[in-house]
Structure formats: structure tokens, C-alpha cells
Amino acid sequence: MGAQKKGSSRVSEDAEELARNPLQAILLADSFTTKFRPITLERPKVLLPLVNVPMIDYTLAWLESAGVEEVFIFCCAHSRQVMDYLESSGWHKQPNFTVAMIESNNSISAGDALRLIYERNVIHGDFVLVSGDTVSNMSLTHAVKEHKERRKKDNNAVMTMVIKKSKPSPVIHQSRLGTDELFMAIDPDTKQLLCYEERGEHPRGAISLENSLLADNPSISLHNDKQASSFYMLRFSFLYMQIYGISIFNIDCYIDICSQEVLSLFTDNFDYQHLRRHFVKGLLVDDIMGYKIFTHEIHSSYAARIDNYRSYDTISKDIIQRWTYPFVPDVRFSANCTTKLEREGMYKAPEIQQSRSAHIGPFTVIGKGTRIGDDSRITHSVIGEGCTIGSNVSIVGSYIWNNVTIEDGCELRHAIVCDGVIIKAAATLEPGVVLSFKVVIGRGFVVPAYSKVSLFQQPTAQDSDEELEYADSSSGTIDPSIADAGNKLNGDIVSESSQMQDWSTSQLGPGGAGFIWSACDGGCEEEWRHSVAPIPTDQLAKALLAIEEDLEIVKVSDSALTPSGELEPGSDDDDSDNMDDSNVDTVDFEKEAEATFLRAAQDNIAVDDLILEMNSLRLSYNKSAGDCTGALFYPMMKLALESPHNTAVELQKNVASVVSKWHKLFEVLAKEVDDQIELIMKFEEMCLESTKEFAPIFSQILYLLYEREIIGEEAILRWDDERKDADESDRVFVKQSEKFIQWLREADEEED
Amino acid sequence: MPDVQALVNEFLNKLKKRKIEGSQATAKQTAELLRSVISQQRVPRTNQAGALIDAVRAIGEQLIVANPIELAVGNIVRRVLHIIREEDLSLTTAAVAELNLSTVSDDDDDGGGGDQDDRPVLSAAAVAAAARNTLRPPSLQMLLEGAPDFVAVPRSSSSGGDSEGKSKSMDRNSRTRKLKHDIIEAVNELIQDITTCHELIAEQAVEHIHQNEVILTLGSSKTVLEFLCAAKEKKRSFRVFVAEGAPRYQGHLLAKELVARGLQTTLITDSAVFAMISRVNMVIVGSHAVMANGGVIAPVGMNMVALAAQKHAVPFVVLAGSHKVILVYIGASTCRGPMLCPLYPHNPEVLLNELRSPSELLDFGEFSDCLDFGSGDGSPLLHVVNPTFDYVPPKAVSLFITDTGGHNPSYMYRLIADYYSADDLVVQRRHAAGN
């Protein structure tokens with residue numbers, strides 16, 4: 001450990017010496033996940049075609065155009081294929097752009113990869129860390145400059161993450177990128193990353209802010225209550241973020257500008273595996289070293305990472321719609337062939353044989369040398385090179401790679417079809433199907449939705465539970481047995497034909513070849529999340545509902561109280577001169593205040609904590625203390641009403657106990673006379689409308705409140721004065737408490 | 001010649017990635033690249049011009065394919081090819097004339113004429129000019145200049161390009177050197193022309209901009225800026241309306257520049273052009289390329305300005321360096337020989353437009369919910385189209401001002417005849433055939 005520390009300090013000295021180094025980049029050509037299985041059993045993810053160009057070409061072309069001069073490509077699984085591709089693709093021949101390979105066979109995570117790169121000692125300064133499946137057109141110069149300037153001021157700013165703002169809609173992540181929602185707390189002034197949470201890690205969507213973050217504000221650190229439900233914490237952090245203008249709802253672009261320390265940190269912490277889950281969070285939690293992570297927000301440029309089939313679909317469509325310009329099909333940014341853009345986003349490569357009656361719809365890419373038969377319809381799809389498509393074929397939203405044969409009358413909807421697949425006549429692919437290399441689908445066979453078909457057997461010990469991704473990440477590199485099978489299969493025709501015989505009675509209809517992989521542990525209902533097919537409307541609705549439920553502050557089931565719906569009309573009348581939206585705000589605020597109070601009451605949270613939370617809530621909604629007391633008073637009285645009681649006297653006792661418990665809350669919140677008057681009026685209103693039970697004992701409770709010093713003498717007297725000119729109906733309670741007021745006045749005079 | 005290949009690759013890269021902006025910069029860099037190609041090219045003993053033409057053509061093909069939208073590349077390639085042909089021709093004819101002359105002088109030896117000194121000079125020049133004339137139809141300028149009558153001079157060579165090199169010159173070495181030298185000289189001149197074309201155009205400003213006029217322009221063009229400033233320097237006082245040129249808003253930059261140079265400037269939105277046009281005396285705009293038929297490819301929004309100007313009978317003046325004048329031909333695959341033809345701007349075969357990123361129009365983050373592919377039927381309802389260029393038909397253009405003077409749109413094809421040789425019209429044809 002000590003030696004390593006020394007090493008890191010030596011490295012940082014070097015960094016200063018070599019500050020004028022060319023910009024370097026580390027490209028991880030392995031995602032260390034199994035999301036693209038079964039395709040990735042045969043070909044590395046970075047070489048999968050994205051709109052007919054291997055993914056890695058997008059990343060390399062972007063790095064080259066963004067001014068990176070030296071790229072280290074780290075490859076692990078299928079490293080031979082990656083190297084062969086790079087040899088043949090001409091990336092080595094680019095001027096001012098060197099590409100070097102770092103090969104490893106036993107790395108199972110990004111952490112291992114970075115540790116290996118550190119050992120090689122090839123990085124001499126700040127570097128860009130991306131994975132080989134990143135598509136972007138952003139300019140790095142600005143971000144790198146920002147990073148360097150920050151470094152000069154603060155040596156602990158080791159990393160700058162590139163983020164993109166998204167609409168604060170919780171479904172976007174799900175429906176666009178197929179990933180779970182991400183919460184990032186970012187300081188608006190310094191752009192420092194304070195908190196990074198992926199929703200998927202917390203089943204109930206909870207966020208807990210780190211101690212160090214809370215320590216910035218001592219009053220808030222009180223609130224680090226382990227007893228509080230995770231739900232409660234989520235709500236709290238939301239409020240906190242709103243108050244301090246901390247932005248949430250961002251998309252992580254997975255592009256990082258790192259200093260050399262990052263590599264040494266990975267070496268020091270040998271248990272860091274995942275870049276985000278371990279490294280980023282580790283740094284955020286660790287306040288000993290004091291390393292900081294900052295963010296750089298991009299606005300008009302594009303950056304995204306292909307994480308699963310859904311983001312593959314989304315990013316393909318973004319490319320076709322030219323968001324990634326100049327990395328679009330009709331610009332030759334890599335070794336791709338010339339493609340012409342026609343109307344409505346149709347891209348056609350040369351030498352396409354298209355039947356006159358074939359209809360090619362909008363946003364479609366057709367690769368070189370593809371033949372399309374009569375009356376076929378293709379829309380929103382990408383067709384690779386050298387494909388043969390028969391007549392009466394319907395292809396919607398699908399990704400068909402190279403040299404695929406689709407016979408007459410097939411129907412493909414939202415499917416991924418890899419190289420060399422043969423789909424025999426009249427077969428149907430339902431949404432979300434993935435056909436891996438060289439699979440044969442038999443005549444008339446209907447491949448069920450979301451199924452994955454491969455020539456390989458599904459690994460039996462498979463466990464693709466995302467949480468355990470790294471526990472079995474050795475399966476990220478192929479199991480030797482499977483690899484052997486693959487080599488035999490690809491290389492040896494005899495063995496292939498023998499297997500073909502086995503498949504004559506296969507799962508895929510007459511003449512089919514391949515195995516349908518059974519759905520993984522997550523179960524079928526999870527498949528829709530990551531597939532290329534659009535989310536079915538019912539699932540989307542369900543997902544939306546789930547998210548809303550998570551966010552909904554009122555837990556209907558837990559609380560016997562109805563949500564304060566009935567209170568709304570009254571309060572609306574009260575401040576009817578307000579604008580409409582402020583009305584909505586008020587209702588929201590009251591709901592939230594009520595829920596907060598009830599939770600506090602249930603969980604026995606200390607009054608001090610509740611005061612704090614109420615204060616933050618009040619600030620976030622920009623309400624006065626009066627609004628706050630009003631909003632709290634109602635649930636408090638409800639609470640009293642809920643507890644069992646038979647007579648008015650018992651009710652009064654209940655009220656007394658509740659008030660005695662919470663009086664401190666009002667002492668703090670309702671300091672001003674105006675607030676106290678507000679409180680009386682609220683009470684009055686309640687007695688008239690929602691909780692008529694209190695009407696008979698109004699004066700008693702008023703006295704109780706006076707006694708507890710919640711309501712001052714002056715407030716009561718002024719309330720009385722105000723009510724003097726009011727209608728008779730409004731004066732019911734004034735009359736009821738006439739005696740008490742009289743007594744107050746007398747006492748007042750006596751004092752004088 | 002690995003270094004040439006490296007240069008070519010670098011330039012190709014830039015073109016592919018759309019890193020060079022503006023037709024002037026592209027034209028200049030192309031010319032410079034071709035110059036180094038020519039200077040490094042080894043020339044065989046026979047048919048030097050042919051070798052050079054092949055080399056330039058091969059590189060030209062690559063360049064044109066790299067960015068088919070940037071028409072200046074193709075233009076410069078054709079110009080250089082034309083230069084090679086011309087230089088070769090003039091050398092050949094000069095040599096032939098010399099030969100003729102020597103035989104003539106041999107014959108005339110007996111006569112011992114004292115007027116020998118005059119005749120050869122005249123005849124050599126005449127032969128060269130005549131040969132040049134056979135290469136292209138007589139240009140208007142030549143007719144107007146009243147060039148001497150060459151018709152009597154017999155054709156000394158089979159007209160055309162490649163075969164010209166096979167002449168029976170005595171000292172080939174010196175000729176080779178001379179040919180290359182001449183070509184490079186001429187290319188240098190071309191580069192010079194490209195760099196100074198702004199100035200040449202700007203010189204004419206005073207003739208077009210008058211006192212107290214209101215000029216409207218769209219977007220930003222360096223030529224327009226220089227043009228306006230030249231008029232300002234000549235103490236003309238006038239006002240300029242600048243339409244901002246959405247979505248790239250280069251009009252803002254132009255307005256800034258104009259104000260910095262002391263011109264009274266008003267910035268308007270593109271959509272306000274029609275409302276303002278009635279107050280405008282003249283529209284002066286830059287262009288991306290000029291078609292053979294006199295049509296213009298210009299930044300998006302230009303057609304709207306042209307139509308507004310036409311409606312109010314406001315002169316619509318296009319400034320264009322001659323390197324922007326291009327040839328338009330029907331796609332090589334459908335047409336046998338090269339021919340001039342009017343451009344059909346929506347003909348997919350010659351769709352000369354570039355669709356840029358929608359992010360210039362709107363922020364991706366703000367609209368991420370409209371571009372949601374995951375819900376519904378997988379296709380978002382929002383499509384964003386961001387074309388770069390517009391086509392202005394020739395009838396909407398009142399005048400072209402090029403570095404050679406003002407021209408009517410209908411005259412543009414003559415200009416082409418001056419600059420390009422008919423053999424080079426389809427640089428790409430071989431490429432298309434070989435594909």
C-alpha cells in the first residue's frame with residue numbers, strides 16, 4: 001500500500017512535468033456485461049454494427065475529431081477480432097492519431113482494465129475514459145480545459161463527468177435508454193457532483209444523501225435518521241435539492257475526463273470494479289482523501305452510450321435522424337461506403353436492387369448490394385449489406401445486419417437479425433426477437449416475442465441478475481467450452497452439418513437451426529425493458545404508475561386518513577385571489593406537509609427534526625410560516641380525531657395530548673402574531689367544514705392553545721377584532737369563545 | 001510519393017469530417033493540394049500531360065467522393081485539369097510551329113528574306129491561340145476583343161487532350177520541365193485568383209451601391225462583407241439590413257463585423273424579410289455555388305429572400321468567385337455524355353444538399369420526451385429537418401458579380417466554357433463506372 005502511494009505521488013509529479021502532453025484516451029472495448037447476449041458470445045459488442053458501421057468506429061471517429069491524439073484500446077473478450085478489425089479498418093493509418101492495443105485475457109471488469117493500464121504506465125496526463133460503444137459529437141476541448149483549470153485550483157478534482165440534462169420525466173430513462181432512472185445531485189455553482197444514485201439499486205426508489213454532503217449544512221445533518229424509512233429520505237433529498245438548486249434528472253453520458261490519479265486510485269482500491277457503482281460512489285463517500293468529481297453539461301451536442309438493446313434502437317434512430325452529425329450514414333467518417341440520403345430520411349447505398357413494387361418507408365437505411373423483392377415493405381429499419389429480401393416481406397423497426405436471407409412472406413417487427421441468418425418463407429418474428437449469427441428459422445415458424453435465438457446452448461450456470469453482474473462477471477469472457485464449440489462451428493463444416501441434423505427436429509420449425517434461450521431469472525415481464533421493441537402501452541402505463549407511486553408522498557394504504565382532498569375547496573376559497581398555479585402549489589404543499597407530519601407522528605420522529613423538514617418544505621414551496629402552521633394544524637387535529645374517543649371531553653383530552661406533544665413545532669413555526677391568527681382561522685374553518693366534531697369544544701381548544709403558548713393573547717384579541725364586522729355566521733366561534741376573550745381583555749387591562 | 005498520399009489523406013479526412021467550411025477555403029486548399037501532387041508526380045517520357053491528368057483525376061475523384069456537397073472541390077479539380085490541357089496544348093503547338101518554322105525557314109533559305117524575324121513570332125502565337133480555340137468554343141470575351149482571324153491557320157494537331165503529348169519534340173527533357181513549370185505557374189495563378197477574388201469583386205462595389213441606398217443581405221458571407229466595406233471606403237453612405245440566417249445565425253456575426261467597420265446596420269429576423277423588402281434598394285448575397293444554368297445554391301432561406309425581392313422588383317445580386325461556378329450534369333449513370341442542363345434541385349440523383357444536425361434547431365435535452373422511441377409504435381412524432389442549402393432559380397437572380405465582372409444569369413454557361421474543358425466535365429464518371 002505504501003509503495004503504491006509513493007507511486008501515485010511520483011505519477012502526479014510526472015503529470016506536472018508533462019502538462020503539455022497530447023490528449024490521451026482509454027477506450028474500453030469491452031462492456032463487461034452480458035446485456036447483448038447471445039450476440040456477444042460470437043462477436044465483441046464494439047464490433048456490432050450500428051446503422052451498418054461498427055460501434056467502435058463511431059467512438060474512434062469522434063475521439064479523432066475531438067482532438068484526441070493517442071488512444072489505448074483495451075480489449076478483453078474476443079480481443080483477436082477487435083485487433084483484426086482495427087488492422088483492416090485503417091485506423092492505424094490516420095495522421096496525428098495513434099491507436100494502440102492493450103490486450104488482456106483475465107480482466108473481468110473496468111476496474112481490472114484500468115489497473116492493468118496503470119501497470120503499463122502509458123498514460124502521462126489527463127485522459128478521456130470512454131467505452132467502445134459511445135456515440136457522440138461533442139467537442140472535448142472545452143470540457144478538458146475546464147478540467148485542467150479546476151485541477152490547477154484544486155488538486156483533488158480528479159474527474160469530470162459529462163452529463164446531459166433530460167426532461168424531468170421519470171419514464172425517459174426507461175423508454176429511451178432502457179436504463180433505470182438516475183439521480184445525480186450537482187452543486188449548481190461549482191458543478192461538483194454530490195450524489196450519484198441509480199434507482200435500480202434501491203427497490204423502493206430511495207436515495208440517501210451522504211454524510212459528508214449533509215455535514216456541509218449542520219442543521220440538516222441532524223436529519224440523518226437511520227430509523228426513517230427510505231421513502232422518507234427520498235422525499236427529504238428531493239426537498240434539499242430543490243432548496244439548494246441542485247439539479248437532478250440528468251443523463252450520464254459515460255464520458256469521463258480523468259486525471260492520472262484515477263488509475264492509481266483503482267490500483268489502491270483493488271475492490272473497485274464498476275466505474276460508476278464502485279469508483280464514483282467510493283469517491284463520493286470517502287471523505288478522507290477528499291477527492292472530488294465534477295460534471296460538465298453538454299447542451300446542443302450529442303452523447304450517449306449503448307448499454308442494451310433498447311438504447312441500441314434509440315441511438316440508431318438518433319443517428320438516422322442526424323443528431324450525431326457529422327457521424328451519419330451519408331458522411332464517410334470511417335471506412336463505410338458512400339450512402340445517399342433521400343427524402344424522409346431514406347439512406348441508400350449503391351447497387352441496391354429494388355423491385356418497383358417494393359415500398360421503402362421513411363427513416364430506413366439500406367446497405368450495399370441488397371436485393372429487395374416485390375411488394376415488400378420496409379420502414380424504420382436498418383438493412384445491412386448483401387441481404388436478400390424476398391417478396392411480400394414486411395419489416396418494421398428492425399435491425400438486419402449483413403448477408404441475411406429473408407424469404408417470401410416473412411414478417412419482422414422490431415427484431416435484431418445478425419449476420420448470415422436465414423429466415424424461411426412465411427416465418428414471423430414478433431417484437432423484441434434477437435436472432436444471433438447464422439440461425440435458421442424454419443418455414444412458417446412464429447418466433448415468440450422477446451425470445452433470443454442462438455446456435456449456442458444457453459449457458460446453464462447463467463445468472464444475469466443485474467445486481468450480481470460482477471459476481472459472475474467471468475462469464476463476460478466466454479466460457480472456454482462455448483468458445484470451443486463456436487470455433488468448431490464456425491471453422492468446421494462437418495461438425496456444423498452434423499449439428500444441422502440434430503436441429504432437424506429443433507425448436508425453430510422445419511429446417512430451423514438454433515436454440516431459443518429461455519428467459520433469464522428476471523422473468524418474462526422484465527424482458528420488455530431492454531428489448532428493441534417499443535414498450536407495450538400497458539407496460540408503460542404500469543411503469544409510470546409504479547414510478548408515480550414511488551414518488552407519491554401520501555401513502556394511502558398506510559394512512560387511514562383520506563388525503564386532504566376535502567380541505568382543498570376551503571383553502572382555495574381562502575386565497576382565491578392567488579393565481580391558479582399558486583393554488584395548485586398550495587394544495588400540493590398542504591398535502592405534503594400533512595403527509596410529512598403524519599409520517600413523523602407514525603415513526604415517532606423528534607420534533608426538532610420535523611421542524612427542520614417543515615422549514616425546508618416551506619422554503620422549497622416558497623410559503624410563509626403561516627401557510628405552514630395552517631397546513632400542519634389540520635393533520636394534527638385529524639390525528640387527535642383519529643384516536644378513539646366517545647365524548648367531547650375525551651376528544652378534548654386527545655387534543656390536549658397531541659398538542660402537548662407537538663406544541664414546540666408551532667412555537668417555532670408560528671412565532672408571528674399573523675401566523676397565529678392564520679392558525680385560528682384555519683381551525684375555525686375546519687370546525688365549519690371538515691371536522692365538525694371540534695365545533696362544540698372550539699373555545700376549550702382555543703384556551704388549550706393559549707395555555708400551551710401556541711397562540712398568543714394578542715393574536716386572539718386581533719382575531720376577535722377582525723371578526724367584529726363579519727357576518728353572523730362567521731361569528732359563531734367568536735361568540736362561543738366570548739367569555740374567554742372577555743377574560744383575556746380584562747386580564748390585559750388589569751396588567752395595564 | 002508517400003508524402004503526397006499523406007497530404008491527400010489528411011485533406012480527405014478534413015473533407016469527410018466537414019472540417020473545412022466555406023467554398024473559398026476549400027477551393028484554395030484543393031488547388032494547393034493539386035499543385036503539390038503535380039510537382040511530385042513523376043512524368044514519363046511520353047505523354048506527360050496524360051500522366052498528369054490521370055494523377056490529378058485520380059485524386060480528384062477521391063476528393064469529390066469525400067464530400068460531394070462541397071462543389072468547389074470538383075470545380076478546382078476541373079480547373080486544374082483544364083490548365084494542364086491548355087499548357088500542354090500551347091507548348092505542343094509552339095513546338096509544332098517551331099518545326100514548321102524551321103522547315104519553312106529551311107525552304108526560305110535561298111530567298112534569304114530579311115523579314116524572317118517577324119514571322120515566326122507571330123505565327124507561333126497565332127498557332128497556339130488557334131489550337132486553344134479548338135479546345136473550346138470561342139468565348140465572348142475573345143470575340144469582343146477582336147482577336148485576329150485564325151480560321152486560315154490549319155489545325156496542327158488532332159484536337160483533344162491526351163494525344164497531344166505525343167508530339168515529336170526534339171528535347172523532351174526541357175519540355176517536360178517546362179510543361180510542369182508552366183502548369184505549376186498556372187495553378188499558382190489560380191490560387192492567387194482564388195485568394196484575391198474577394199478584392200476583385202469588392203472593387204466593383206462602387207458601381208453597384210449608390211448613395212443613401214438600403215441593402216439587404218442574408219446570413220454571413222465574406223465576399224458580401226468585403227463588398228459592402230469597399231463601398232463604404234469609397235465614402236458611399238448606405239444602410240444595411242442583415243437577416244440573421246437561422247438556424248446558424250451567421251447574420252449576427254456579419255452585423256457585428258459591419259458595425260465594427262462603421263456601417264449603419266439593422267438586424268432583422270429571416271421572417272421579417274418580406275416586410276422589409278419594400279424599403280430595400282438592392283439585395284446582395286453570397287452563394288455556395290452557381291449552377292451552369294444561372295441558378296444558385298445558397299444558404300437556406302435564400303429562395304424566400306429572392307422571391308420577396310422578385311415580388312417587389314428589387315434587384316437580387318449574387319456575389320460569386322469564379323471558382324464557385326460549377327457544371328451541372330445529369331447523373332453520370334443515366335447519361336451517356338456530359339451535357340449542360342438545368343438543375344432540378346429535387347432530383348435525387350443530384351441532391352446537392354446537406355442535412356445538418358437537428359441540435360442546431362433545438363436542444364436535445366429539452367425535447368427528449370418528443371423523441372421517445374420506446375413508447376407507442378416505435379417512431380416518434382417529431383422529425384427535425386435542418387437543410388443547409390437552398391436553390392434559387394436563375395429567373396430570380398438579376399445579376400452575378402464575379403471576379404471577372406457582372407454577368408447575367410443566362411451568361412453563366414459561357415463562363416464555364418472559359419474555365420473548364422469539355423473533357424473534364426465528368427471527373428466522376430469513371431469512378432461511377434468502376435464502382
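**Entry 1: a helix crossing in chain A**

I looked up the handedness of the crossing between helix 4 of chain A and helix 10 of chain A, and in this predicted model the crossing comes out left-handed. I then took the geometry of the pair: helix 4 covers residues 110–120 and helix 10 covers residues 261–268, and the two pack at an angle of about 115° with their axes 8 Å apart. Since angles of 65 to 115 degrees count as roughly perpendicular, I noted helix 4 of chain A and helix 10 of chain A as roughly perpendicular to each other.

Next I listed the residues that make this contact. From helix 4 of chain A I have Gly111(A), Leu114(A), Arg115(A), Ile117(A) and Tyr118(A), which meet Leu263(A), Ser264(A), Phe266(A) and Thr267(A) of helix 10 of chain A. Sorted by class, the contact between the two helices holds five nonpolar, three polar and one charged residues.

**Entry 2: a sheet in chain B**

I turned to chain B and traced an open sheet of three strands, which are arranged in the order 5-6-8 with antiparallel pairing. At its edges I found strand 5 (289–290) and strand 8 (389–392) of chain B, each of which pairs on one side only.

For Ile297(B) I looked up the bridge partner in strand 8 of chain B, which is Tyr391(B).

**Entry 3: a helix on the sheet**

Last, I placed helix 12 of chain B, residues 302–311, which lies across strand 6 and strand 8 of chain B and runs at about 30° to strand 8.

Definitions and conventions: Residues numbered from 1 in each chain as written. Chains lettered and ligands numbered in written order. Predicted model: local features only at pLDDT ≥ 70, side-chain atom pairs only at ≥ 80, totals over all residues. Heavy atoms only, no water. Axes fitted to C-alpha atoms, helices over the stretch in contact; angles between N-to-C directions. Helix = DSSP H or I, 4+ residues; strand = E, 2+ residues; numbered from the N terminus. Parallel < 35°, antiparallel > 145°, perpendicular 65-115°, else oblique. Left-handed = near helix turned anticlockwise from the far one by under 90°. Contact = heavy atoms within 4.5 Å. Nonpolar A, V, L, I, M, F, W, Y, C, P; charged D, E, K, R; others polar. Pairing = 2+ DSSP bridges.
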